[in-house]
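Please open the model in a viewer and keep the selection panel at hand.

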Amino acid sequence: MDSDTGPGMQARKKLKAMHRIQEAALDLFEAHGFDQVAMEAVAAAADVSPRTVYRYFGTKEMLVIWDEGDEQPPSPLTAYFGGDDPLGALRNVLTAAVAAMGEDDLRQAKRRLSLVYASPAVEAAFILHAYEKSRGIAAALAADEDRFETQVFVHAFVGALVGAMRHWWRSGFAGPPFAFIDRALTLLEHGFAPAGR
């Protein structure tokens, strides 16, 4: 099979197109507000058909929420949950992932989070998306995806990341994002003190 038309090339072309569409969407949402922009306007700005936007993203909310990890179900993090020290392994991989982020990656993360929390509809979709990610990871980890310990741990971990990113946004993106992720993981490791302590 010709390398220019094989699955690897097709996947790269799709990712490139999705990034271009998302960038056009974020520009429009920032300029006009999420609720005021139609999917057709995003398609026109990205020079693709509306059908392509719907096929790649499904909903307008996903234009904000989507990242490359969504192309690797259930999650690139799944492999790190199964060892003797899953939180340690997850901390290490997240430290490396955040350290590898360039300025453009950080800028994009800030743009997306700002839009998530500017719109109740996008925030609700973001939380539902995180829940679906949790379910997918739990199902991949255990033959019985309803296993209590697996479900609670995975949902707590994903919820901690969501909470950490919300506080990073609320801080005005003060400091590196991993400082907030690390605090959240520490709480999972050592527990929560009652308010006021």
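In which helix is the place of Leu94? Select Leu94, and helix H5 is the element that holds this residue; helices (H or I, at least four residues) are DSSP runs, as are strands (E, at least two), numbered from the N terminus. The model is predicted, so local features need pLDDT of at least 70 and side-chain atom pairs count only at pLDDT 80 or more, whereas totals for chains, interfaces and linings use all residues. Residues are numbered from 1 along each chain as its sequence is written, and side-chain values use heavy atoms, with hydrogens and water left out.

**First stop: Leu94**

Leu94 counts as buried because its relative accessibility is 11%. Buried means under 20% relative accessible area, exposed over 50%, and partly exposed in between (1.4 Å probe, protein chains only). Next, display the contacts of Leu94, where contact means heavy atoms within 4.5 Å. Not counting residues up to four places away in sequence, Leu94 touches Leu77, Phe157, Leu161, Phe178, Ile181 and Leu185. For a distance across the model, pick Glu149: Leu94 and Glu149 are 55 residues apart in sequence and 22 Å apart in space, C-alpha to C-alpha.

From the contacts of Leu94, move to Ile181, which lies in helix H9. Ile181 counts as buried because its relative accessibility is 8%. Leaving aside neighbours within four places in sequence, Ile181 is in contact with Leu94, Val98, Leu161, Ala164 and Met165.

Now select the whole of H9. This helix has 14 residues and reaches 20 Å from its first C-alpha to its last, close to the 20 Å expected at 1.5 Å a residue; the expected span is 1.5 Å times one less than the number of residues. Colour the buried residues of H9, which are Pro177, Phe178, Phe180, Ile181, Ala184 and Leu185. Seen down the axis of H9, these buried residues fall within an arc of 160°, so they line one face of the helix; the arc is that of the directions from the helix axis to the C-beta atoms. An α-helix has 3.6 residues a turn, so residues three or four places apart point the same way. The buried residues of H9 pack against H5, H6 and H8, while Arg183 and His190 are exposed on the other side. Just after H9, Gly191 takes a positive phi of about 95°.

Which residues line the second largest pocket? Select Ala160, Gly163, Ala164, His167, Phe180, Arg183, Ala184, Leu187, Leu188 and Phe192. On a 1 Å grid over the protein atoms alone, a pocket is an open set of points where a 1.4 Å probe fits, with protein on both sides within 12 Å along at least five of seven lines; lining residues have an atom within 4 Å of a point. The second largest pocket holds about 230 Å³ of space, and H9 gives the most to its lining, with five residues.

Finally, turn to the largest pocket, with a volume of about 1400 Å³. Of its 41 lining residues, the closest to the centre are Asp67, Glu68, Gly69, Met101 and Arg112. H6 supplies the largest share of this lining, nine residues.

Methods: Points joined across faces, edges and corners; volume = space filled by probe spheres on them.
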